[in-house]
Amino acid sequence: YPSYLTFDSYTYTKDLVEDDSINAGTYFVIANFEESQNYEIEEDVTLEYVINKKALVVTAKDHTITYQDEASNAGVTYSGFVNSETNAVLSGVLVFDYDGYTQESNAGTYRITVSGLVSNNYSISYVAGLLTVEAMQLNYSDYSFNYVGTEKFDFFPFTCGYMEKYL
């Protein structure tokens with residue numbers, strides 16, 4: 001009520017239990033004012049208030065692997081939790097996607113995207129990280145080079161595992 005009004009007494013009730021009003025959602029407070037000799041109240045006052053979801057950013061950490069390695073990640077970071085909360089309050093399963101990378105993909109840089117989390121109290125957005133696939137170091141007597149998956153060779157006097165199909 002406006003600050004210039006003074007009431008002898010008032011009470012209020014809520015339509016939800018006390019702990020519910022800490023979660024995002026719409027709530028109602030019903031104010032019941034008792035009449036006195038100084039004023040007359042015609043009806044209760046119902047006030048609506050909204051607790052909006054808090055923004056939460058989930059960022060994929062950058063990660064580096066070597067050519068022919070299976071795609072992997074270094075996890076994620078979270079920014080935006082309130083009230084000392086952690087990722088334990090989130091539902092869903094964190095899903096990683098590696099921009100089409102497979103073990104046969106060339107060395108280079110690929111996006112790591114994440115998705116899959118939900119929350120009643122957080123509006124979740126995602127930021128991609130980078131998967132850097134480094135060249136595989138190959139050594140043989142006087143020959144040494146970095147293999148990035150694009151060249152085919154016919155001048156080496158040896159074969160080695162995965163490389164046999166390129167020689």
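V58 has Y126 as its bridge partner in β9. The model is predicted: local features need pLDDT of at least 70, side-chain atom pairs count only at pLDDT 80 or more, and totals for chains, interfaces and linings use all residues. Residues are numbered from 1 along each chain as its sequence is written, and side-chain values use heavy atoms, without hydrogens and water.

Strand β4 covers residues 54–60 and pairs with β9 in the parallel sense, over 6 bridges. Strands here are DSSP runs of E, at least two residues, numbered from the N terminus. Pairing requires at least two DSSP bridges. The open sheet holds 3 strands in the order β6-β4-β9, and its pairing is mixed. β6 (76–79) and β9 (122–127) stand at the edges; each has a single partner strand, so one side of each lacks a neighbour in the sheet. From one strand to the next, the twist averages 20°.

N121 sits between β8 (108–118) and β9. Its side chain reaches the backbone nitrogen of A24 at 2.6 Å. Beyond its neighbours within four places in sequence, N121 is in contact (heavy atoms within 4.5 Å) with N23, A24, K53 and K54.

N121 also lines the second largest pocket, along with residues including I22, N23, A24, K53, K54 and Y122. A pocket is an open set of points on a 1 Å grid over the protein atoms alone, where a 1.4 Å probe fits, with protein on both sides within 12 Å along at least five of seven lines; lining residues have an atom within 4 Å of a point. The volume is about 170 Å³, taken as the space filled by probe spheres set on the points.

Note on methods: Helix = DSSP H or I, 4+ residues; strand = E, 2+ residues; numbered from the N terminus. Axes fitted to C-alpha atoms, helices over the stretch in contact; angles between N-to-C directions. Polar contact = N/O pair within 3.5 Å; in protein donor to acceptor, adjacent residues only side chain to side chain.
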